[in-house]
Amino acid sequence: MKKTKLIFVLIILSFSLILAIYGAYHRYSNLKNTMEIQDSILQLVELKSANAEWDIELNRIHSDNIPHFDLVNSAAVKYEKEMMLFLNKTANFKKSIQESTADLVILSSMKKQSMNDYLSEVAVTRNSLKFLDTLLFFLHSQYQNDENILRFLTYAQHRLTTLIASNQNIHLKEQKKPAECQQCTLEQNEAIFKVNQHLELLKEQVLLSHKAREAFYNPEYEALSTNLFDELSSIYVEADMVHQTIQTKVLMFTAILVIIIVILLILLYWLYRTIDGHRTTGITDPLTGLYNRKKLFENLKNLIPSHKKSNSKLALLFIDLDGFKSVNDTHGHDIGDKLLQLLSERLTSSVRKQDSIYRIGGDEFIILVQELNRLEDAESIAQSILTKCNKPYLLDKNNCNVTLSIGVSLFPDHTEEPNKLLKYADEAMYKSKRNGKGIVTTWHSDICS
Amino acid sequence: MSYIYLSTNKLEKINIYSILTQLNNLLRTHALTYFYLKSYFTKLIVIVVLASIAFQSLASEPILPILKKKHLNNKKFELGKLLFVDTRLSKNQDRSCHSCHNLALGGADGLKKPVNLAFNSPTILNVSKNYYIGWKGEYSQLKPQLEMILQKPDVMGTDWAFVIPAFKKDQLYSKLFSSIYNYGISKENIIDAILYYESNLILPSKFDEFLLGDNDAISLSAKQGYNNFKDYGCASCHQGANVGGNIFQELGVVLPYKGIIGQYKTEKLRVPSLRNVAKTAPYFSDGTVKSLKKAIEIMAKHQLGQKLTDTEIDQIADFLKSLDSIME
């Protein structure tokens, strides 16, 4: 019962110790910081891939039959979301990183602005190209035989090709512009004007869309994000190193602590065992494990006042073996010892829990029977002990017959003194022996006569 | 008719990428199909190829169909709708969002410009399909724009110190808010509910049905109008899911535009969405053009340098009418 309680307390203690160490580890280790940095690096990777997707969509605007501005805009929206996440995750980092992220934000918004400019140009450029293409086709079929116009149209066609090529960074040789048409009709001049106007428009558009495109493939952006990546990686390495050292320290500390505790516990247990051993050997009989004479007087000293107080009776049964000597003589001391052990078992099982048994001599035993109301109770207990213990003892196939002679004295009826109590019981026991052995005798004042 | 190509090498790479993204999108959006297909691997290939062909044919149109939102939180949507028409949210309790964005008038107000405001009111329908918000496209998200209009005295000028106690006394609101939100009525939750309403106010049109394969959803004239719209190049600017709302242009790229009475201030604007345009007269940012046909004519002249015939204009107008949301 006490042992389980102790184990329970120990388990709880070690649990709380582990918790405390773990808590301290979490509180003082660099784990959180390291994870945050790691997180932000992963987010930067997300951001970069969102940026790449955005670039791909921008490229597609250039190559798709029908440019879908929704696609590139939603790529931009996704990029912005990743950017927000990235900003959140780096919000507590050191200043140089803050500055870099701020720059990145500026570059991103510049890129968005360039994208918007570019998309505007793409729409108009497409329409201009389309317009010119149909217009030239139309004029060609209308003025098939008009030399003047045809010369101009050939020039315009070439110019259109040059512009389309220059839109793809291919620079063709310019043709000389034909002289103003003198003989042209008003209608023809109007057509020429329109073509020229759209050619001019297209030229501007191509220039603008070049500029816009250059703006969103900004090498500065690449450099900055690479730089940011490196910086984050380096603070990650730093933080991780700090974390590692703290971790090893905590681990070492815990290991040492555990070892110390285990050693201490072992020591404590050992100490407990020796002290307990000493204590029990002082008051018990090594052969039977029953209490000895010393403990008898100790107990009597305590029991007498307590019985006085409670006004109850205390009986002392003096037990002596009849025929033990002959068992020793015929079967040897081994069997004698075994007999004593068996007897002490029988005695123990035949008394109540609160009663105590003492071996005070070779074959002499005392039983203190507590809290009695009447003398008869003591006698009946003694009687039942007798019937139990007078039965034959089977020891190593030898059947041994011993009986008990019991003398009973009673506190306070016979005496109030411990020594006398013992003496009277002894006298009563002798009376039993004299009266034929194997019986119970209660002391009375004229027992000796 | 495409003039501008990257080198063929790059083009191939991009096409592979685009097919992969399409596959990915398809699988992601149709998780069920995905599981179904997983067990029938051969069918996977067939269906994915079919679906990507379908997607390709959609993607080759400059206008993409929109779909009604599924799995709406109806309670929250209804709450947003109540707030949308609640005049208590305005400074003098004389107007609500609905005053200037009347759903019966195609989500706008039919006025040239609201008092004290610089621009004509745009439609609120399908507004979340725009990539840029407002005529100048200053916002790319609805939330900051909503916070701005609630705060701006000339639009709403919400007096929160009045609104919150008033709503708390309102039994219907108390019930609705506490059943939807953890902390009941608060500024954040009111904004959130309006936001939920306006971002889910997506109403497809007959034209979307046409794009999704119902050939008879729109009239022949509207179909021809759509072809004109593409051929003349309107679709270069008015395109995408919202037929606009995704790039910036000024009015007058080919021929400068002075306005009906010569006061038009040319500036870069977000190309407006043309969904519900037939119902949202008057037109343009200054709201000076009353008829749709006039607006089309001006567009063709100043943005494209084209003069359209009356039939072409009628056809384009019919096409634009087919973009009206189907209201239930």
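With a relative accessible area of 18%, E427(A) is buried, a label that stands for under 20% relative accessible area, while exposed stands for over 50% and partly exposed for what lies in between (1.4 Å probe, protein chains only). The side chain of E427(A) meets that of K423(A) in a salt bridge (3.4 Å, N to O), a term for a side-chain nitrogen of Lys or Arg within 4 Å of a carboxyl oxygen of Asp or Glu. E427(A) and K423(A) are four residues apart in helix 12 (residues 418-434) of chain A and are therefore separated by about one helical turn. K423(A) is partly exposed, its relative accessible area being 47%.

The model is predicted, and local features need pLDDT of at least 70, side-chain atom pairs count only at pLDDT 80 or more, and totals for chains, interfaces and linings use all residues. Residues are numbered from 1 along each chain as its sequence is written, chains are lettered from A and ligands numbered from 1 in the order in which they are written, and side-chain values use heavy atoms, with hydrogens and water left out.

**Salt bridges**

Over all chains the structure holds 26 salt bridges, and three of them are set out below.

| Pair | Distance (N to O) | Relative accessible area |
|---|---|---|
| E427(A) and K423(A) | 3.4 Å | E427(A) 18%, K423(A) 47% |
| E53(A) and K78(A) | 3.4 Å | E53(A) 28%, K78(A) 35% |
| R88(B) and D86(B) | 3.1 Å | R88(B) 23%, D86(B) 8% |

Salt bridges that share partners also join D320(A), D322(A) and K433(A) into one network. As for the pair E53(A) and K78(A), whose side chains meet in a salt bridge, E53(A) lies in helix 2 of chain A and K78(A) in helix 3 of chain A, so the pair ties together parts that are 25 residues apart in sequence. Helices (H or I, at least four residues) and strands (E, at least two) are DSSP runs, numbered from the N terminus.

**The sheet of chain A**

Five strands of chain A form an open sheet with mixed pairing, in the order 2-3-1-6-7, where two strands pair if DSSP finds at least two bridges between them. Strand 2 (356-361) and strand 7 (440-442) of chain A stand at the edges, and each has a single partner strand, so one side of each is left without a neighbour in the sheet. From one strand to the next the twist averages 25°. Strand 2 of chain A pairs with strand 3 (residues 364-372) of chain A in the antiparallel sense, over five bridges, and R359(A) stands opposite F365(A) in strand 3 of chain A. Helix 8 of chain A packs on the sheet, touching strand 1, strand 2, strand 3 and strand 6 (403-411) of chain A, and its direction makes about 20° with that of strand 3 of chain A; axes are lines fitted to C-alpha atoms, for helices over the stretch in contact, and angles run from 0 to 180 degrees between N-to-C directions.

**A loop residue**

S312(A) is found in the loop between helix 8 (293-310) and strand 1 (313-322) of chain A, and at 7% relative accessibility S312(A) counts as buried. Not counting residues up to four places away in sequence, S312(A) touches H307(A), E371(A), L372(A), F411(A) and P412(A), contact meaning heavy atoms within 4.5 Å.
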